[in-house]
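This report is meant for a reader who is meeting the structure for the first time. It takes up the sheets, then a pocket, and lastly the surroundings of the ligand.

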Amino acid sequence: MTKVFDLDMIKAVYDRMPKLVDNARHVLGRPLTLTEKILYSHLSDSLPDRAFERGNSYVDFNPDRVAMQDATAQMALLQFMQAGKPKVAVPSTVHCDHLILAKTGAVEDLKNSKDQNKEVFDFLASVSNKYGIGFWKPGAGIIHQVVLENYAFPGGMMIGTDSHTVNAGGLGMVAIGVGGADAVDVMAGMPWELKFPKLIGVKLTGKLSGWTSAKDVILKVAGILTVKGGTGYILEYFGEGADSISCTGKGTICNMGAEIGATTSLFGYDTKMAEYLRGTSRAEVAMAADAIKPFLTADPEAYTHPEKYFDQVIEINLSELEPHINGPFTPDLATPVSKFASVVKENGWPEKLEVGLIGSCTNSSYEDISRAASVARQASDKNLKAKSEYTVTPGSEMVRYTVERDGFLKIFEDMGGVVLANACGPCIGQWARHNADKQEKNSIMTSFNRNFAKRNDGNPNTHGFVASPEIVTAFAIAGTLNFNPMTDHLTNEQGEKVKLDEPQGVEFPPQGFAVEDAGYQEPAVDGAGVEVKVDPVSNRLQLLEPFKPWDGSDMKGMYLLIKAKGKCTTDHISMAGPWLRYRGHLENISQNLLIGAVNYFGEKTNAVKNQITAQVDTVPDAAKVYRDSGYGSVVVGDENYGEGSSREHAAMEPRFMGVKAVLVKSFARIHETNLKKQGMLALTFANKDDYNKILEDDRIDILGLKHFAPGMPLIVRLNHSNGSVDEFEVHHTYNENQIKWFKAGSALNLIKQLEN
Ligand code: SF4
């Protein structure tokens, strides 16, 4: 198998880690958790002289790796091209997994998707080749499974442009999902900022057995913490129960930590991780990790008295844990399997199970597939006919090839299952499910992670339940939610009552993993002569032009574009849904600028007064008119403007459409930083009541820019249409470097200037 990991980088991390951890222990004056060891050994600046304040301090880190999926990589890499760097600063990879539509089966679906997305895949392949980025072709697998199999390493820090990047915590990494702008910074050699997280310790005692699997641990944790309970926290799992869970099982647990909002989750380095590294042809990494083992787990005291070192502690006894089924419509609605049938009845959820779907990045390890297959095999062994449709999504070509060789795919097919491409498919709504458009009320059960309304098939009435692959398989055989595989019998084709035996699985293939073509493209050693492929008439991809630098004078006469009222999230600023098709084409996607924001004047969305034409206009059209007038515009907003995702389009679009400043009562910090990176002014009212002074026909000046300095307020002057004027102070949080971004026109422009 191809060895793609970067051993030198891993060794360099391990070389510096012991000293940095010892120093951090000295600074903090107490034993350390594993999370602290990893965070303190990845600081971008020297160690502080005291502990960071958890939940409050903003800290710069230097991650070791970047991973990007095909949908989010497009804009990230278009931006990276602007930095003028010959190569990425840290090992990075691109994975083609999100754009593949599941319809009939792996071979045909993959072929069709390659045709339909050719321009995007060609762009990603060529840009990766040029800039030293490992490229995983369509069909190679799902980003997180491929990362776990090839790149994740204990004690490392990684960022990825996908929320389930956290999966790599199963191999002891601090791995965090971020927006494309953050990935660009790290690839360009800049530090990456994170609010120092709080810590939840999850102590696992006992041992999993029978129908219960690693998935049930996180389904239980989701039930305890709910979808918001992990926000701002890193979950660190430990205890003898943790040591007994396979490495891929640990990955499953960490993966779904995203469903409780956790920054990430992780486990300490142990025998299971070492076995997995060796089993996936990375004995060198295991050996290097063994050499610094005490640094790759918490200090013993932190686990014997967790209440002293974690902000919150949860304890779960695996020996008592029942399989769980979570949902519908939310992943934290956790029901033990023994109560499930009655809960389904009480709630009137559709009892018939239409489809069981296993696999995805969450649950498609060899162990998962072998356990699910041991249940599926019983369908033919016991003359049962599976009542539900059934699909299998392998997480990687390596797993797919190996489980095919070992006969598992045949077992699923014998049960009536359809094997889909090694890609996200139904997990992200890339599922051409027949009749989904009829919007009928129905139930499906998946071994995926998210189950919000419409997530899988676009039908708001599909009740999506989440469980382990073996539980999904048992329910697919039964065809009903009114079932408990642990206790109930089924009637077979001969009319006999039969019961499903407990699943049996193995962590590793007895003959080892194998693959013919893993789907990896190694980048060129010197990419200078490689041409990046972007069709100039493409409506999905567009090369970026650098934004103009500041012209050195105060900004005067700008038009008010919109005074947004109430909640204005990144989704209101740059809507998702069908617009995602254009995420690599700034001009096209900018046609959704602020179309979800409520206009204070008239309380409608996407209807503003165009001051130049005096007509009601859409926000994007008005913005264009103002931009082309040469004056540009200003967006005014309410509290926590830009909350939600870290989507960089929400900052790039206004910049592209000529918005020069965003003035709000308060910002969501990530969005505020993203605006700064794009070279815009992100300002807050010194006196929030000044929001009320903004009138629909205002022309706006921003004064004091010649003396723009950290901590120094600027002045906003409102020129009202009746000739009167209002002037007030506005605040900002720009530091010296961020002011340079503003002056250069964007952070990337500045990097480029420094590069040349
Ligand atoms: S399989 Fe699902 S959760 Fe995993 S990366 Fe793909 S869309 Fe995200």
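Two strands are said to pair if DSSP finds at least two bridges between them. The model shown here is predicted, and that definition can be applied to strand 8 (residues 198-205) and strand 9 (residues 233-238), which pair in the parallel sense over six bridges. Within this pairing, Ile 200 has Leu 235 of strand 9 as its bridge partner.

Both strands belong to an open sheet of four strands, whose order is 10-9-8-11 and whose pairing is parallel. At its edges are strand 10 (264-267) and strand 11 (312-317), each of which pairs on one side only, and from one strand to the next the twist averages 20°. Two helices can be described together with this sheet. Helix 8 (residues 214-225) lies across strand 8, strand 9 and strand 11 and runs at about 135° to strand 11, whereas helix 10 (residues 247-255) packs on the sheet by touching strand 9 and strand 10, its direction making about 160° with that of strand 10.

A further set of strands forms a closed barrel of seven, running 22-25-26-27-30-29-28 with mixed pairing, and here the twist from one strand to the next averages 40°.

| Strand pair | Sense | Bridges |
|---|---|---|
| Strand 8 (residues 198-205) and strand 9 (residues 233-238) | parallel | six bridges |

Besides strand 22, the elements that give two or more residues to the lining are helix 23 (649-656) and strand 26 (659-664). By residue class, the lining divides into eleven nonpolar, six polar and eight charged residues.

Which residues surround the ligand? Its shell is made up of His 98, Ile 142, His 144, Asp 162, His 164, Ser 360, Cys 361, Cys 424, Cys 427, Ile 428, Asn 449 and Arg 455. These shell residues divide into five nonpolar, five polar and two charged.

Methods. Residues numbered from 1 in each chain as written. Predicted model: local features only at pLDDT ≥ 70, side-chain atom pairs only at ≥ 80, totals over all residues. Heavy atoms only, no water. Near = heavy atom within 4 Å. Nonpolar A, V, L, I, M, F, W, Y, C, P; charged D, E, K, R; others polar. Axes fitted to C-alpha atoms, helices over the stretch in contact; angles between N-to-C directions. Contact = heavy atoms within 4.5 Å.
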